[in-house]
Amino acid sequence: MRTMRRLLATPEGAVGLALLACLALVALFAPVLSPGDPLRIAGRALTTPFSDPAFPLGTDRLGRDVLAGLIHGARTSLAVGLAAAAAALAMGLCVGLAAGFAGGLLDEALMRMVDAFQIVPGFLLALAFVSVVGPSVPVVVLAIALGAWADPARLTRAQVLSVRERDYVAAARVAGMHPVEIAVREILPNVLPPVLALSAIIVAAAILTEAALSFLGLGDPNVVTWGSMIAEGRNVLRSSPWLSIFPGIALVLTVVGVYLLGEGLTRALSGRRAAA
Amino acid sequence: MTLLVAEGLCKRYAAGRGVTALDGVSLHLSPGETLGLAGASGSGKSTLARVLTRLAEPDTGSIRFAGEDWLALSGAPLRRRRARMQMVFQDVLGAFNPRATVASALEDPLRIHAVVPKGERAREVAALLDRVGLPAAYAGRSIREVSGGERQRIAIARAIATHPALIVLDEAVSALDVSVREKILELLVTLQEERGIAYLFVSHDLSVLAAVAHRIAVMEAGRIVETGPTSRVIADPQSPAARALVRAVPRLVIE
């Protein structure tokens, strides 16, 4: 609760939270705001925006409602972005904690694996993975996570290496605490803050990667996404640029919102620690 | 009967050129006795404390504690026996998880070693706080909300929670100011008289050891170079290292 108030006190946090809250509400109530399949042909093709009250943002080449696409696309973008980031963070935390805490051969093996993932560009990895396994939402989530887990793993390990030498970890060992309990109760909570600060960047990057995959036609073809809308609009970019501009603006607002919220959260958390 | 016998402990740190931290250290300790371990920085006394508490493993040597081969223990049996040997650290803040409260810090050993049934833990925490001279109301505070001296009292309460036979005190009063230091030393002596706890008291300051130790062992370059009754070592130091430590104690001289 106190963190929340501090978060709202920072301008970044307040703006970011407001942006994301609007997006989340739109995503959550998409079926109410715009009932029916957003991919269905709703009207005349290429209606210009603000000319027909039935399609405030116009229609695309096939006569699909752009506003409906944006509303339903918010669902995919947010869901895939958050799920991919959560998976990447969970993987990174587990691997980093195990490597840093166990040390020795396990540490070496895990970190060489992290190296292997880090030297391959994340987007290329996602691209290859989706082309091999086939596009669907869970595969896209996993593909993005595969390219993003190495950074949190490395950061977690570095944090664990510094925290595990602290006296309170020695005190827990002297007290006879089980190593697993030491890792989970004494070390994990104290390595989390910097890793969580990284999470905003990972979410933002995941949303962008998802859009890029969709743009290249490697998203789930059965759901509407902002990336696929931009790709669709590209064909008529000169005559009807709004088809790409509107989903582009939505994407920018989302990523900026995530960044701002992350920035605000970092400041709120560090403020709390400094005050404590 | 002796409580702790260590023989020929050696420990080399392999990093860089390799540093010999312990070079054949032997010592023994009886129940209820305080052995002061003196030495300059880098003499290996903290390494010895960590080796004895099994926070670090010696390369060679043997340790018998409470009649058992202490180095042969590992895993769950070692964790169970740790109740008998506790430790108090120098860094009064670093020795506690920054997220801990006074109650949670004291409940951990009570829970791990099932010292009292779950329902009586809160009462036992209050009793431990009372024993080290702190009000029971402190239980609800965050560890960051108490002063350095109070924190060291809590560390001592945590150490005695499991009824240990030996407490290793690694520079336990070095970070405290002089008036607080004296009170903590008094508390340690009283606890020893009541409970018959043995102390291995590591300090670079002979004036601290003079107040609590029965015997003093002086370390230099990973070896014990001199050992004897406190009064003899202070009054008539034999080794250069011991003489340097005696000289290092400031005296109040008004000219």
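Reader: At what angle do helix 4 and helix 7 of chain A pack?

Author: The model is a predicted one. In it, the axes of helix 4 (residues 66-102) of chain A and helix 7 (residues 137-148) of chain A lie 8 Å apart. Two packed helices are described by the distance between their axes together with the angle between them. For helix 4 and helix 7 of chain A, that angle is about 45 degrees.

Reader: Is the crossing of helix 4 and helix 7 of chain A left-handed or right-handed, and which class of residue makes up their contact?

Author: The crossing of helix 4 and helix 7 of chain A is right-handed. Helix 4 of chain A contributes residues including V80(A), A84(A) and M91(A), while those from helix 7 of chain A include V137(A), I144(A) and A148(A). The contact has no polar and no charged residues; its 13 residues are nonpolar.

Reader: Is helix 11 of chain A mostly covered or exposed, and how many of its residues are buried?

Author: A residue is counted as buried if 20 or more other C-beta atoms lie within 10 Å of its own. In helix 11 (residues 226-234) of chain A, the buried residues include W226(A), M229(A) and E232(A). The helix is mostly covered, and of its nine residues the number buried is eight.

Reader: Turning to chain B, which strands stand at the edges of its sheet?

Author: Four strands of chain B form an open antiparallel sheet in the order 2-1-4-5. Strand 4 (residues 60-65) and strand 5 of chain B pair over two bridges, and R64(B) has D69(B) as its bridge partner in strand 5. Each edge strand has a single partner, so one of its sides is left without a neighbour in the sheet; these strands of chain B are strand 2 (19-29) and strand 5 (68-69).

Reader: Which helix of chain B lies across strand 1, strand 2 and strand 4?

Author: The helix in question runs at about 60 degrees to strand 2 of chain B. Its residues are 45-52, and it is helix 1 of chain B.

Reader: Which element gives the largest share of the side of chain B that touches chain A?

Author: The contact takes 15 residues from chain A and 21 residues from chain B. On the side of chain B, nine are nonpolar, five polar and seven charged. Helix 2 (75-81), strand 6 (85-88) and helix 3 (102-112) of chain B each give two or more residues. The largest share, three residues, comes from helix 3 of chain B.

Conventions
Residues numbered from 1 in each chain as written. Chains lettered and ligands numbered in written order. Predicted model: local features only at pLDDT ≥ 70, side-chain atom pairs only at ≥ 80, totals over all residues. Contact = placed C-beta atoms within 7 Å. Nonpolar A, V, L, I, M, F, W, Y, C, P; charged D, E, K, R; others polar. Axes fitted to C-alpha atoms, helices over the stretch in contact; angles between N-to-C directions. Left-handed = near helix turned anticlockwise from the far one by under 90°. Pairing = 2+ DSSP bridges. Buried ≥ 20, exposed ≤ 12 C-beta atoms within 10 Å, placed from the backbone.
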